[in-house]
Amino acid sequence: MTTMELPKVEVPAFVAGTKGLLIGGQWVAPRSGRTIDAINPATGETLCRIGAGDAADVDLAVAAARRAFEGSWSRWTPHERRKLILRVHDVLMDHFDELALIETLDMGAPLARTRPLREWTSQVLQFYASQTGAATVETPPNSLPGDFLTLKHKAPVGVVGGVIPWNGPLIGQWWIFGPTLATGCTAVIKPAEDASLSVLRTAELMLEAGVPEGVINVVTGYGREAGQALAEHMDVDRVAFTGSYLTAQSIVRASAGNMKRIQLELGGKSPDIVFADADLDKAVPGAAMGVFTNSGQVCVAGTRILVHRAIHDEFVERMQAFTRSIRVGNGLAPDTQLGPLISQRQLDRVLGYLEVGAREGARLAAGGTRLGGDLASGFFVEPTVFAGVSNDMTIAREEIFGPVASIIPFGDMDEALRIANDTPFGLAGGVWTRNLSTAHKVSRAVRAGTVWVNCYGVLDPSIGFGGHKMSGYGWKGAREHVDSFLYPKAVYMNLD
Ligand code: NAP
Ligand code: MG
């Protein structure tokens, strides 16, 4: 089903002309003068242009971040940083309708998804505001001969390079900006070329809220240019990367020059296991939206839906009906549930997987085609369900990053776990059951950073999430995340 009627919206004044890079508190043009079109994926139209920053611009941004790190910012007290984060919070809340609209225009997610991120953003900022005391000094006892005082510091790592993908920069930027502000680090962030506008506007608002110049810098541009330069840069102390495992492998190699600390949050092929005793009224929409949310462009998407044979046929039928009821369209329409994919390239990629799925013998149960009509100029694909999938098919092995669910039947818990863990990824998983023992056994045995029981995709920043296996390492959210922006340091003081 598609939506059509679009309300009149006023495009924010920010979305116009050619945006600069934000370096040292100033808008500057990229040194090369090159630009990239910012495209609205719902229409294919150009919204405005962003700078194609490269290594020369990254040099300037890192230098600005270094100056800020070594300047007065390093003397801000935890209380001052807390007040600053709360001021940023208030300014962003005042502008959140605009930010949500920019995100919808630039990356396609419906307003029905971007507007509620206001509450989530508020929670994240308040969490990081509560963490400004993380850079501590302890005085543990020692057993040294003589009179020694030993101090253990947790000190800010320095300049952080952040590289984030296009699937939700309004969310993704906070995993870098949040701990940077909380710990007194500084950051240079490189958003994805396909969705940079909400990050640029957020950073501008952060300056208005009083974030000192150079503490937060944004260099837009291509990954292989600006992103690579950031990963290689000898004066960047830490890289926080979110994206695909292939890019992550090149980041790891690029970062070896100065032994950067790295955090990698990568993709997945997460299993969502539905047992025969599950409440299907909840499990069907829960598992479906566990894949289709954000048009499937979600790292934790539960793309392999494992269903017990006893309920398999009923589950597939209900999944078909649910999938057909989802409203796909331009995200500006208030009733749109799913928007377009991010780009023509991503659309081609997803359509390619749909062909491969059919060719390898999966049964198309719903969806399966690009949407035309009013939506023909955008990058829309129907939410799609394949049934009769076996775990060795390409669509069950590779991350598609589109609204494509694969239903895989199983006979008992052992088989379900064998299939669930037969993947190189380990980001997330889900279990639907009314049996407490099943819930515990399965959530314990699924080798992944997050397991949801009778729900999917919920996230509390004070608990956080992270990957296992080829889904990366490091933790986002919670105290661990803040601590990963700090390094330990011992001081031995001879008092005699
Ligand atoms: P991607 O191609 O790896 O791109 C991610 C970011 O890396 C973009 O900013 C990209 O820039 C940049 N980049 C590309 N090549 C680079 C290089 N050689 N050096 C440094 N940076 C480089 O990933 P994507 O396809 O955009 O995003 C989808 C992936 O992100 C999926 O695998 C998804 O699962 C994952 N993801 C993971 C999480 C998580 O928290 N685990 C969250 C969201 C998404 P350009 O795009 O401008 O070239
Ligand atoms: Mg765009």
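This is a predicted model: local features need pLDDT of at least 70, side-chain atom pairs count only at pLDDT 80 or more; totals for chains, interfaces and linings use all residues.
Asp 272 touches Ala 287, Gly 302, Arg 304, Ile 305, Leu 306, Gly 430, Val 431, Trp 432 and Tyr 456, leaving aside residues up to four places away in sequence.

**Asp 272**
- Asp 272 belongs to strand 12, which covers residues 271-274.
- Although Asp 272 is buried, Asp 272 has no salt bridge, and the nearest side chain of opposite charge, that of Arg 304, is 11 Å away.

**Helix 2 and helix 7**
- Helix 2 (residues 78-94) and helix 7 (residues 174-183) have axes that come within 8 Å of each other and cross at roughly 145°.
- On the side of helix 2 the contact involves Arg 81, Leu 84, Ile 85, Val 88 and Leu 92, which meet Trp 174, Leu 181, Ala 182 and Thr 183 in helix 7.
- Sorted by class, this contact of helix 2 with helix 7 has 7 nonpolar, 1 polar and 1 charged residues.

**Pro 110**
- Pro 110 sits in the loop that runs between helix 3 (96-107) and helix 4 (111-114).
- Pro 110 counts as buried because its relative accessible area is 2%, which is under the 20% cut-off.
- Pro 110 and Leu 332 are 222 residues apart along the chain, and their C-alpha atoms are separated by 6.2 Å.
- Leaving aside residues up to four places away in sequence, Pro 110 touches Thr 104, Gly 331, Thr 336, Gln 337, Leu 338 and Gly 339.

Definitions and conventions:
Residues are numbered from 1 along each chain as its sequence is written. Chains are lettered from A and ligands numbered from 1 in the order in which they are written. Side-chain values use heavy atoms; hydrogens and water are left out. Helices (H or I, at least four residues) and strands (E, at least two) are DSSP runs, numbered from the N terminus. Buried means under 20% relative accessible area, exposed over 50%, partly exposed in between (1.4 Å probe, protein chains only). Lys and Arg count as positive and Asp and Glu as negative; His and the chain ends are not counted. A salt bridge is a side-chain nitrogen of Lys or Arg within 4 Å of a carboxyl oxygen of Asp or Glu. Contact means heavy atoms within 4.5 Å. Axes are lines fitted to C-alpha atoms, for helices over the stretch in contact, and angles run from 0 to 180 degrees between N-to-C directions. Ala, Val, Leu, Ile, Met, Phe, Trp, Tyr, Cys and Pro count as nonpolar, Asp, Glu, Lys and Arg as charged, and the others, Gly among them, as polar.
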